[in-house]
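Look over the sequence and the structure before reading on.

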Amino acid sequence: MTSPVDYRRYGPLYAGWARGLSFLLAVGLSVALLAMPQLVATDTRELEHGPLSLGLLGISAGFIHGVGYVPLMAIWRWLFSPYVAWPLMLWCAWWWLSVI
């Protein structure tokens with residue numbers, strides 16, 4: 001049986017409020033994408049896959065951080081950290097909402 005994760009070891013952005021914020025941002029962007037796909041592209045021929053992939057990476061990282069999972073390998077821990085997730089999710093929200 002494994003011991004619980006000591007989130008204080010990973011810094012202040014692994015506190016409960018930060019994980020909650022990551023989860024809420026990820027849920028909000030996921031719901032927006034599923035409910036209003038026209039935010040991403042009005043026509044499938046005009047779909048920009050690069051920015052969409054970065055946005056989905058940010059949402060994935062937000063969910064991973066939000067549920068409290070901390071990867072063991074440093075590269076994955078960095079990639080799925082709030083330091084990467086938050087800027088990508090905020091940029092994604094700005095990109096989608098500037099289309100409206």
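## The model

This is a predicted model, in which local features need pLDDT of at least 70, side-chain atom pairs count only at pLDDT 80 or more, and totals for chains, interfaces and linings use all residues. Residues are numbered from 1 along each chain as its sequence is written, and side-chain values use heavy atoms, with hydrogens and water left out.

Helices (H or I, at least four residues) are DSSP runs, numbered from the N terminus.

Two packed helices are described by the angle between their axes and the distance between the axes. Axes are lines fitted to C-alpha atoms over the stretch in contact, and angles run from 0 to 180 degrees between N-to-C directions.

Helix α1 spans residues 16-35 and helix α2 spans residues 49-66. Their axes come within 7 Å and cross at roughly 140°. That makes α1 oblique to α2. Oblique is what remains after roughly parallel (under 35 degrees), roughly antiparallel (over 145) and roughly perpendicular (65 to 115). Contact means heavy atoms within 4.5 Å. On the α1 side, the contact includes F23, A26 and L29. On the α2 side, it includes L56, I59 and F63. By class, this contact has 9 nonpolar, 5 polar and 1 charged residues.

## Helices α2 and α4

The axes of α2 and α4 come within 8 Å and cross at roughly 130°. That makes α2 oblique to α4. Residues of α2, among them L52, G58 and I59, meet residues of α4, including A85, M89 and W96. The contact divides into 14 nonpolar, 4 polar and no charged residues.

## The nonpolar core

A nonpolar core is a set of buried Ala, Val, Leu, Ile, Met, Phe, Trp, Tyr and Cys residues joined through side-chain atoms within 4.5 Å. Buried means under 20% relative accessible area, exposed over 50%, and partly exposed in between (1.4 Å probe, protein chains only).

The largest nonpolar core has 18 residues. L29, L52, I59, A85, W86, M89 and W96 have the most contacts inside it. Helices α1, α2 and α4 (82-97) each give two or more residues to this core. The largest share, 7 residues, comes from α4.

What does M89 touch, not counting residues up to four places away in sequence? M89 touches S22, L25, A26, L29, G58, I59 and G62.

## A closer look at L54

L54 sits in helix α2. Is L54 buried or partly exposed? L54 is partly exposed, with a relative accessible area of 41%. Leaving aside neighbours within four places in sequence, L54 is in contact with L88 and W91. The C-alpha atoms of L54 and W96 are separated by 12 Å, though these residues are 42 apart along the chain.

Terms used
Ala, Val, Leu, Ile, Met, Phe, Trp, Tyr, Cys and Pro count as nonpolar, Asp, Glu, Lys and Arg as charged, and the others, Gly among them, as polar.
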